[in-house]
Amino acid sequence: MALHAMVATAVARLDDVRNAELNRIDQLRVAADSHSAQMSALRSEYDEKLRAAETDRINAIRAVDIGAVQRAAEVSAAQAATLAAQVSQSAETLRTQVAAAASAQTTALAAALDPIQKDIADLRRAQYEAQGKQGQIVEHRSVSGATVAAIGVGVALVLAVLAIAGFAIANSP
């Protein structure tokens, strides 16, 4: 029986080794499950911290963008006010220049028309004097024709000067 007892002892020993191995595998499985749970908890905590940090980063960027938009609006408003003042000032300067140019052109036109008007007055005076001196109808007709022609030339000159002056006023800056 000694052999039988040795075999039984060896089998019991093998059973003990197998049970110890199964126990070790179960403990490793429990440790792995525990480790996975801990890692999952840490990963969740890390993800939550990462989300919070990303939210803070995005909010900071938005705050900077909002500040930049507000600053751009302020700068734009200041530029608009400056441009409005410049436009108003330019318009007033232009009005003054146009008024001065128109006054100068009116003075120049009056100066140009003055001799023409004087010539027309001289022609009228000459016509009246010629009518008084002439006794014959034939002479009167010829003088009247010459006077009418002279007046026509004078009126044509006046109209030409007026057209030139009007063109100059229309094309002035």
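**View 1. The largest nonpolar core of this predicted model is built from Leu109, Leu113, Ile116, Ile120, Val158 and Ala165, 6 residues in all.** A nonpolar core is here a set of buried Ala, Val, Leu, Ile, Met, Phe, Trp, Tyr and Cys residues joined through side-chain atoms within 4.5 Å, where buried means under 20% relative accessible area, exposed means over 50%, and partly exposed lies in between, with a 1.4 Å probe and protein chains only. Two or more residues of this core are given by each of helix 1 (2-133) and helix 2 (137-170), and helix 1 supplies the largest share, 4 residues. Helices are DSSP runs of H or I with at least four residues, numbered from the N terminus. Leaving aside neighbours within four places in sequence, Val158 is in contact (heavy atoms within 4.5 Å) with Leu113, Ile116 and Ile120.

The model is predicted, so that local features need pLDDT of at least 70 and side-chain atom pairs count only at pLDDT 80 or more, whereas totals for chains, interfaces and linings use all residues. Residues are numbered from 1 along each chain as its sequence is written, and side-chain values use heavy atoms, with hydrogens and water left out.

**View 2. Leu123 of helix 1 is in contact with Thr147, Ala150 and Ile151, when neighbours within four places in sequence are left aside.** The C-alpha atoms of Leu123 and Ile151 are 7.1 Å apart in space, although the two residues are 28 residues apart in sequence. Leu123 counts as partly exposed because its relative accessibility is 28%.

**View 3. Leu3, Val7 and Val11 form a nonpolar patch on the surface.** Together these residues have about 280 Å² of accessible area, a value from the Shrake-Rupley method with a 1.4 Å probe, in which only the protein chains shown count as cover for residues. Patches are made of residues with over 30% relative accessible area and no salt bridge, with like charges joined within 9 Å and nonpolar side chains (Val, Leu, Ile, Met, Phe, Trp, Tyr) within 5 Å. Val7 lies in helix 1 and, at 46% relative accessibility, counts as partly exposed.

**View 4. Arg29 and Asp26 meet through their side chains in a salt bridge, at 3.3 Å from N to O.** A salt bridge is a side-chain nitrogen of Lys or Arg within 4 Å of a carboxyl oxygen of Asp or Glu, and a search of the whole structure finds 9 of them. Both Arg29 and Asp26 lie in helix 1, 3 residues apart, which is about one turn of the helix. Arg29 is partly exposed, with a relative accessible area of 48%, and Asp26 is also partly exposed, with 38%.

**View 5. Arg95 and Glu92 form a salt bridge in which the closest N and O atoms are 2.6 Å apart.** Because Arg95 and Glu92 are 3 residues apart in helix 1, about one helical turn separates them. Arg95 counts as exposed at 52% relative accessibility, whereas Glu92 is partly exposed, with a relative accessible area of 42%.

**View 6. Residues 136-140 have pLDDT under 50 throughout.** The pLDDT is the predictor's confidence in each residue, from 0 to 100. For residues 136-140 the model has 3 contacts beyond four places in sequence, while the chain has a mean pLDDT of 83, with 90% of its residues reaching 70 or more. Where pLDDT is low, the predicted coordinates should not be read in detail.
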